[in-house]
Amino acid sequence: TIQLSQRGGLRCSTAHGYLTKKPATLEILLEAQVLKIEVDGGRATGVTIRRGGEVRTLTAKAGVVLSAGALNTPRLLMLSGIGPAEELREHGIAVQRDLPGVGANLQEHPGCHLVNAVSAHTLNNESSGFAGFKQLLSLLFTRSGALTTGIGHAQAFVRSREGLPAPNLQLAFSAFAFDVTEKGNLALRPESSVTTFIALMRPQSRGRVSLRSADADAAPLIQYQLLGNEDDALQLAEGLLMARSIMQQPAIAGDVTTEIRPGPQLATPEALLPYVRAATIPMYHPVGTAKMGAAEDPQAVVGPDCAVRGLEGLWVVDASIMPTIPQGNTNATAIMIGERASDLVLAAVRQPVMA
């Protein structure tokens, strides 16, 4: 089975799980965009935000904790003058701290789908008409049924090659399947279908997040290099063959009517490579763009205490600090980072000031 961040049949986000009983001292500003972190004399002194058309600066008494995710955290650091000095100067941004690793080391779990039509009843049959209406009622009144399930229903971590120190692939089975429409949207298949998602756990590819401009409203440049390494694509092709083999086992083969994607005619890893390159998607697990490392690592952005190198009063607390991507989904690991970092930050700000 697959673990979920769920309570009472509904998604339980960290915001819901941690902030529903927030302390009276915590003020949450909604619809507020952080424009930059203010730095003065080598110390983070606050943040400038825009809210309701008003731009103002919030002054920090002890420091600033940045937790904007692996795509937005490096963007905010660079907009604040913290990052690769040459890139910052190209955009006319004053350099507060030259940290070449900001935005680099972007990692992601790439994956693609094996889709089979089956004769058995699947969740595709529960998605429309009266059956779909019943599932909606189950969700509303009993917090149960198909709409409370996760996207995966069984999974395995496997090795596609001998001699690997750890599994290199994640196989996740789902009792439903999507089609891609002509507009590029996902739509549940009308027929009974199942999916096996094959994801690469230890990608060798590395991407980058860069600034498009010094404009805080400009989206960053995100260069995933999702299959920038040929062997990454080959490992996914090997995973497709493993998933196909599973669907041919006696326990389930009798229910399988055909292979819809990628198609049984693609029978070798090499033959599957064009499909892998065309159909691979990110799992939305970006990490690594403000990585944690030792003092002698020139690419390290934060140290073991999550504090940004060479600056006082600034911590990064999100998936961007992971040096390498975890062997599996990143949600629980990101929550763990927050839990541990809260102790580290509190310990730092509570230290007595030496005369």
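This text walks through a predicted model, from its cysteines to an aromatic pair and then a pocket.

Start with the cysteines. A search of the whole structure turns up zero disulfides. To count as one, two cysteine sulfur atoms must lie within 2.5 Å. Find Cys12 in the model. Cys12 is buried, at a relative accessible area of 15%. Now find Cys112. Cys112 is buried too, with a relative accessible area of 0%.

Next, look at the aromatic rings. The structure holds one aromatic pair. Its partners are Phe176 and Phe178. A pair of aromatic rings is described by the distance of the centres and the angle of the planes. How accessible is each partner? Phe176 is buried, with a relative accessible area of 12%. Phe178 has a relative accessibility of 30%, so Phe178 counts as partly exposed.

Now turn to the second largest pocket. About 330 Å³ of space lies inside this pocket. Its lining is made of 15 residues. Nearest the centre of the pocket are Ala307, Glu312, Gly313, Trp315 and Ala348. Which element gives the largest share of the lining? Helix 8, residues 331–349, does, with four residues. By class, nine lining residues are nonpolar, three are polar and three are charged.

Methods. Residues numbered from 1 in each chain as written. Predicted model: local features only at pLDDT ≥ 70, side-chain atom pairs only at ≥ 80, totals over all residues. Heavy atoms only, no water. Buried < 20%, exposed > 50% of the residue type's maximum accessible area, 1.4 Å probe, protein only. 1 Å grid on protein atoms, 1.4 Å probe; cavity = no way out; pocket = protein on both sides within 12 Å on 5 of 7 lines; lining within 4 Å. Points joined across faces, edges and corners; volume = space filled by probe spheres on them. Helix = DSSP H or I, 4+ residues; strand = E, 2+ residues; numbered from the N terminus. Nonpolar A, V, L, I, M, F, W, Y, C, P; charged D, E, K, R; others polar. Phe/Tyr/Trp six-rings, centres within 6.5 Å; stacked < 30°, edge-to-face > 60°.
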